[in-house]
Amino acid sequence: MIGVTSVTGRVDLPPEGVILPHEHIMSIFGRERSHHVEYDEERLVKSVVPYLLRLKSLGCIAIADCTAAWIGRRPDLLRRISGESGIVLLTNTGYYGAAGGRYLPDGIESAGAVEIADRWVAEWEEGIDGTGIRPGFIKTGIDNDRLSVVDRKLIEAAARTHLRTGLLIQTHTGNNPSAVREILSILESHGVPPSAWVWVHAHLVTDRRSLIQAARDGAWVSLDGIHPERDEAILSTLRLLKAEGQLDRVLLSHDGNGFTADGSRRPFEHLLTGFRGRFLSEGFTQEEFSRLTNANPRRAFAVG
C-alpha cells in the first residue's frame, strides 16, 4: 500500500484499480475568477456522483482533481462527493498562471516566491480555507512561451513548497520543451529532483524526443488527453516511450470535467473503456496497463 493525502485524510491506495491523475470534478474555467465559487451544489452533486459511481464500477479508485484555486476549487464539496461516491479524491494547492494569468490572485506581481510558498505550505499545515482539508499535490500552470517573471516565481514557490511538504508538483505546460528545461533547471537549483515534477499535457508535444529526455531525467510525462480521437497518437507515443524503456515515467488521464462552467460534462471514462481494449490489442500487456494506471500514479502522489 502507498499513502496519499486525500480530501478525507491519508489513504492507502491498493495495488489494483485505475487512478486518474489529471481530471476536474468541477471548475469555472472560462468564467471570471472566484476564490470561493458558489456552485448550484445539489445540481452538481446529482450530476457528478452518479457519474463517479459509474467510473467506480469500471474500476476507477481515485482521481486527482486539478481544479486550482480561483478556478473553482472547493475542497469541502470534493469531500462530500468522495463520501457519496466512494472514489478517493485529491485536491491541490498552488496557482494557475496559464490563460494569460487571468486566474492569479491580486498582488501576485509584487509577491515573492517565499511569500507564495508560505501561503501554499499553510494550506498543507492548516487545511484549505478553514476546512481542515489538506492538498494532495501542487498545481501550477504556465503559458506556451518562455517562462515569465511570474511563471518563474510560481515554479520557485512550488519547489520551496515541495521541499517542506513532499507534495508532487503538476505544471500545465503542453507543447513547450524549452520551458520544461527551464523548469527542471529551477527545480534542480532548489534541490528538487525531477521525479517530483509532472509535465502536464505532454501529449501535445510535437518533438517527442523531448519527452524521452524528460523521462530519462526522471520527470513524469503526463499524456492526459485521452480521447477516442487521440487514441492512435497517444498509442504511438507510448510505443516510443516503451521502446526507450520509459513507461515507468508515464501517467495517463483525460483532463475531463464533471461539471463545467455551463453545467455540462467533459467525460473522463475512455481510458477505462475503449482505450484499454485498444491498448491491449496493440501488443501492450495487462501488466503495462496496470503500471501506467495504478503503480505509476501511486508512486507519483505518494507523500513521504
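User: How many salt bridges does a search of the whole structure find?
Analyst: The search finds 23. This is a predicted model: local features need pLDDT of at least 70, side-chain atom pairs count only at pLDDT 80 or more, and totals for chains, interfaces and linings use all residues. Residues are numbered from 1 along each chain as its sequence is written, and side-chain values use heavy atoms, without hydrogens or water.

User: Why is the meeting of Arg-102 and Glu-32 called a salt bridge?
Analyst: The term needs a side-chain nitrogen of Lys or Arg within 4 Å of a carboxyl oxygen of Asp or Glu. Here the N to O distance is 3.7 Å, so the pair qualifies.

User: Which parts of the chain does this pair link?
Analyst: Distant ones, 70 residues apart. Arg-102 is in the loop between β6 and α3 (113-126). Glu-32 is in the loop between β3 (18-23) and α1 (41-57). Helices (H or I, at least four residues) and strands (E, at least two) are DSSP runs, numbered from the N terminus.

User: What makes β6 and β7 a pair?
Analyst: Pairing requires at least two DSSP bridges between two strands. β6 and β7 (residues 137-141) have 2 bridges, in the parallel sense, so they pair. Asn-92 stands opposite Phe-137 in β7.

User: What is the strand order of the open sheet, and which strands are its edges?
Analyst: The 6 strands run β6-β7-β8-β9-β10-β11, with parallel pairing. The edge strands are β6 (92-93) and β11 (250-252), since each pairs on one side only.

User: How does helix α7 run relative to β10?
Analyst: Helix α7 (residues 231-243) lies across β10 (220-223) and β11, at about 160° to β10. That angle lies on a scale from 0 to 180 degrees between N-to-C directions, with axes fitted to C-alpha atoms, for helices over the stretch in contact (heavy atoms within 4.5 Å).

User: What makes a space a cavity and not a pocket?
Analyst: On a 1 Å grid over the protein atoms alone, a 1.4 Å probe fits in a cavity but cannot get out; a pocket is an open set with protein on both sides within 12 Å along at least five of seven lines. The structure has 1 cavity of 30 Å³ or more. The largest cavity holds about 40 Å³, the largest pocket about 440 Å³.

User: Why is the lining of the largest cavity counted as 8 nonpolar residues?
Analyst: Val-4, Leu-13, Ile-19, Ala-62, Ile-63, Ala-64, Leu-90 and Phe-301 line the cavity. Ala, Val, Leu, Ile and Phe are among the types that count as nonpolar, so the lining has 8 nonpolar, no polar and no charged residues. Strand β4 (residues 60-65) gives the largest share, 3 residues.

User: Which residues lie nearest the centre of the largest pocket?
Analyst: His-22, His-24, His-201, Asp-255 and Arg-266, out of 28 lining residues. Lining means an atom within 4 Å of a point. By class, the pocket lining has 10 nonpolar, 13 polar and 5 charged residues.

Key: Points joined across faces, edges and corners; volume = space filled by probe spheres on them.
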